[in-house]
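Here is a short tour of one model, written for someone who likes to check things against the coordinates. Have the viewer open and follow along.

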Amino acid sequence: MTRVLVVDDHPVVRGGLVGWLAAQPDIDVVAEAADGLEALAAVAEHSPDVVLMDLRMPRMDGVTATGRIAAAHPGVRVLVLTTYDTDADIVRAVEAGATGYLLKDTPLPQLADAVRAAARGETVLAPPVAARLVSRMRAPAVEAPTARELQVLGGVARGLTNAEIGRELFIGEATVKTHLLRVFAKLGVDDRTRAVLVAVERGLLPGPGSAG
């Protein structure tokens, strides 16, 4: 029997997944959770073989929970199941330790097969996700942000508006926006918050607790 924990913050979706998987003769749904924090507690209590993990959830998201599960319970496989297939989401999940990455339009029979494959330690990727990862690997190295772009992003990290950053750096607000768009493209993100988080993760900006 493959022991499974289902994690999703939408009760209807979670209930549907639990019902389908529990109906499989070789799959035992040992627990369910509505967010990353509940998932961590459930993994510690029930020791599942596979965690079916949503990404966007309150309190603790799926990527953070995946990283913590991978660190504390290396034998537990995490299979991401989400509606999001952006490069940034995929890479963050894989880097956190996810065994696979599926989209919520995956037919239920294929989902059950994917859970079985994940339990065997196999990597399971939805075709669009695999295509994105391959194209990303084949793409030329991404240009690093310039010193000026990092100055602008540093202003964002300090909570400044575009206008305030412009006044501080003696550049126009339109120029600030241009720098930010270039940073977004180079970091593979699509918003200010993610840009700052990724820049800190990569050591391009100091973390919140750093001096200076």
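## An annotated aspartate and a helix

Asp 54 sits in the loop that runs between strand S3 (50-53) and helix H3 (62-72). Keep in mind that this is a predicted model. For Asp 54, an unreviewed UniProt entry gives the feature "modified residue: 4-aspartylphosphate". Is Asp 54 buried or exposed? With a relative accessible area of 3%, Asp 54 falls under the 20% cut-off and therefore counts as buried. Leaving aside residues up to four places away in sequence, Asp 54 touches Val 7, Asp 8, Asp 9, Gly 62, Leu 81, Thr 82 and Lys 104.

Now let us turn to helix H9. The buried residues of H9 are Val 176, His 179, Leu 180, Val 183, Phe 184, Lys 186 and Leu 187. Because they cover an arc of only 165° around the axis, they lie on the same side of H9. Ala 174, Leu 181 and Ala 185, on the other side of H9, are exposed.

What covers the buried residues of H9? The cover includes these helices:

| Helix | Residues |
|---|---|
| H7 | 147-157 |
| H8 | 162-169 |
| H10 | 192-201 |

Finally, have a look at the backbone just after H9: Gly 188 adopts a positive phi of about 70° there.

Definitions and conventions. Residues numbered from 1 in each chain as written. Predicted model: local features only at pLDDT ≥ 70, side-chain atom pairs only at ≥ 80, totals over all residues. Heavy atoms only, no water. Buried < 20%, exposed > 50% of the residue type's maximum accessible area, 1.4 Å probe, protein only. Helix = DSSP H or I, 4+ residues; strand = E, 2+ residues; numbered from the N terminus. Arc of directions from axis to C-beta. Contact = heavy atoms within 4.5 Å. UniProt positions renumbered as here; feature names shortened; annotations may be inferred.
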